[in-house]
Amino acid sequence: MPTTSPANTALPYDADALARTADAIAALTRELAALGWTPATSSNFSARLDERHAAITVSGRDKGRLGRADIMVVDFAGKPVATDQRPSAETLLHTQLYARFAEVGCVLHTHSRVQTVASRLYAPEGRVRLEGYELLKAFHGNTTHEAAIDLPVLPNTQDMPFLAAQVERLLDAGPLWGYLIDGHGLYAWGRDIAEARRHLDAFDFLLACELDLRTLRR
Ligand SMILES: CSC[C@@H](O)[C@@H](O)C(=O)COP(=O)(O)O
Ligand SMILES: [Zn+2]
């Protein structure tokens with residue numbers, strides 16, 4: 001007796017894995033939306049399903065109210081798989097990371113106020129230097145507050161292939177767990193959902209510290 005339906009067996013990915021991943025993404029995005037980090041349907045989220053597929057949010061949905069039907073599958077070229085839903089407008093910025101790094105398991109993009117303000121302030125420098133903070137140890141591979149991390153700031157554009165090419169150049173330059181886009185928001189990733197969330201939280205907290213210091217030192 002078959003344990004899966006014919007429709008499920010025809011899928012090129014594991015439907016149970018998609019359901020579990022979609023539930024995890026929806027739970028996470030509800031928390032981030034409650035923090036005010038996903039205003040006006042902005043932000044997008046994904047997690048790796050296997051070596052060829054990722055689950056990603058459908059474009060334009062309210063990220064505070066996601067259910068399983070709001071999360072779909074794409075391949076690493078960013079093309080929808082077994083669905084006619086439209087993936088996030090920024091899908092390429094997710095899939096390029098899965099395609100390039102087997103260790104990347106989750107990519108998170110938010111539009112918090114701190115991220116957006118910092119992106120505007122630091123765009124002329126092209127980076128935010130984060131150094132001297134204990135919280136730098138939140139980033140995988142960092143073991144001391146004496147480290148410094150440069151969070152790059154890229155110019156915004158609606159041309160995703162062009163933006164993805166700029167990201168490739170950043171990735172060529174060395175290890176990275178995130179970047180800002182000017183006037184837009186933050187991308188952060190990790191080996192799994194929990195680590196990507198930790199990196200996202202750490203970037204947002206450290207950016208808030210930098211903004212506070214700029215104000216207090218004026
Ligand atoms: C609602 S404006 C924000 C969008 O343009 C975009 O930057 C964004 O983050 C969400 O796009 P989406 O296509 O829903 O993934
Ligand atoms: Zn965005």
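Guide: One term before we start: two strands count as paired if DSSP finds at least two bridges between them. In that sense, Leu-130 has Ile-149 in β6 as its bridge partner. Keep in mind that this is a predicted model.

Visitor: How many bridges join β5 to β6, and which way do the two run?
Guide: Five bridges, and the strands run antiparallel. β6 covers residues 148-154.

Visitor: OK, zoom out. What order do the strands of the sheet come in?
Guide: The order is β3-β2-β1-β4-β8-β7-β6-β5, in an open sheet of eight strands with mixed pairing. On average, neighbouring strands are turned by 20° against each other, direction ignored.

Visitor: And which strands does α2 lie across?
Guide: Helix α2, residues 15-34, lies across β1 (44-48), β2 (53-57), β3 and β4 (106-110). Relative to β1, α2 runs at about 145°. Helix α3 (residues 91-100) packs on the sheet too, touching β1, β2, β3, β4 and β8 (185-190). The direction of α3 makes about 150° with that of β2.

Visitor: Is α3 enclosed or exposed?
Guide: Largely enclosed by the rest of the structure, because eight of its ten residues are buried. The buried ones are Thr-91, Leu-92, Leu-93, His-94, Thr-95, Gln-96, Leu-97 and Tyr-98.

Visitor: What covers them?
Guide: The cover includes β1, β2, β3, β4, α5 and β8.

Visitor: Let's look at β4, then. How many of its residues are buried?
Guide: Five of five, so β4 is mostly covered. Both faces are covered: Cys-106, Leu-108 and Thr-110 are buried on one side, and Val-107 and His-109 on the other.

Visitor: Which bridge partners does β4 have in the sheet?
Guide: Leu-108 is the bridge partner of Phe-45, and His-109 stands opposite Tyr-187 in β8. β1 and β4 pair antiparallel over four bridges. β4 and β8 are antiparallel as well, over five bridges.

Visitor: Which residues touch the most others in the largest nonpolar core?
Guide: Ala-55, Ala-188 and Trp-189, in a core of 53 residues. Helix α6 (residues 193-217) supplies the largest share of this core, seven residues.

Visitor: What is Ala-188 in contact with?
Guide: Setting aside neighbours within four places in sequence, Ala-188 contacts Leu-108, Trp-177, Gly-178, Ala-196, His-199, Leu-200 and Phe-203. As a general point, nonpolar side chains in soluble globular proteins tend to be buried together.

Visitor: Changing topic: which residues other than glycine have a positive phi?
Guide: Ala-40 is one of them, with phi near 55°, and Ala-82 has a positive phi of about 55°. Ala-40 is in the loop between α2 and β1, while Ala-82 is in the loop between β3 and α3.

Visitor: Is Ala-40 buried or exposed?
Guide: Exposed, because Ala-40 has 8 C-beta neighbours inside 10 Å and the cut-off for exposed is 12 or fewer. Ala-82 has 14 other C-beta atoms within 10 Å, so it counts as partly exposed.

Visitor: What about Gly-78, buried or exposed?
Guide: Buried, with 21 C-beta neighbours inside 10 Å. Gly-78 lies in the loop between β3 and α3. Not counting residues up to four places away in sequence, Gly-78 touches Pro-87, Thr-91, Leu-92 and Thr-95.

Visitor: Quick one on α5: how far apart are its end C-alpha atoms?
Guide: They are 20 Å apart, which agrees with the 20 Å that the 14 residues of α5 (residues 160-173) should span at 1.5 Å a residue. After α5 comes Gly-174, with a positive phi near 150°.

Visitor: Last bit, the whole chain. How many helices and strands are there?
Guide: Six helices and eight strands. The radius of gyration is 18 Å, close to the 17 Å that the globule rule gives for 218 residues, so the chain is as compact as a globular protein of that length. The C-alpha trace spans about 70 × 35 × 30 Å along its principal axes, and 39% of the 218 residues count as buried.

Technical notes:
Residues numbered from 1 in each chain as written. Chains lettered and ligands numbered in written order. Predicted model: local features only at pLDDT ≥ 70, side-chain atom pairs only at ≥ 80, totals over all residues. Axes fitted to C-alpha atoms, helices over the stretch in contact; angles between N-to-C directions. Contact = placed C-beta atoms within 7 Å. Rg over C-alpha atoms; globule rule 2.2 N^0.38 Å. Buried ≥ 20, exposed ≤ 12 C-beta atoms within 10 Å, placed from the backbone. Expected span 1.5 Å × (residues − 1). Core = buried A, V, L, I, M, F, W, Y, C linked by C-beta atoms within 7 Å.
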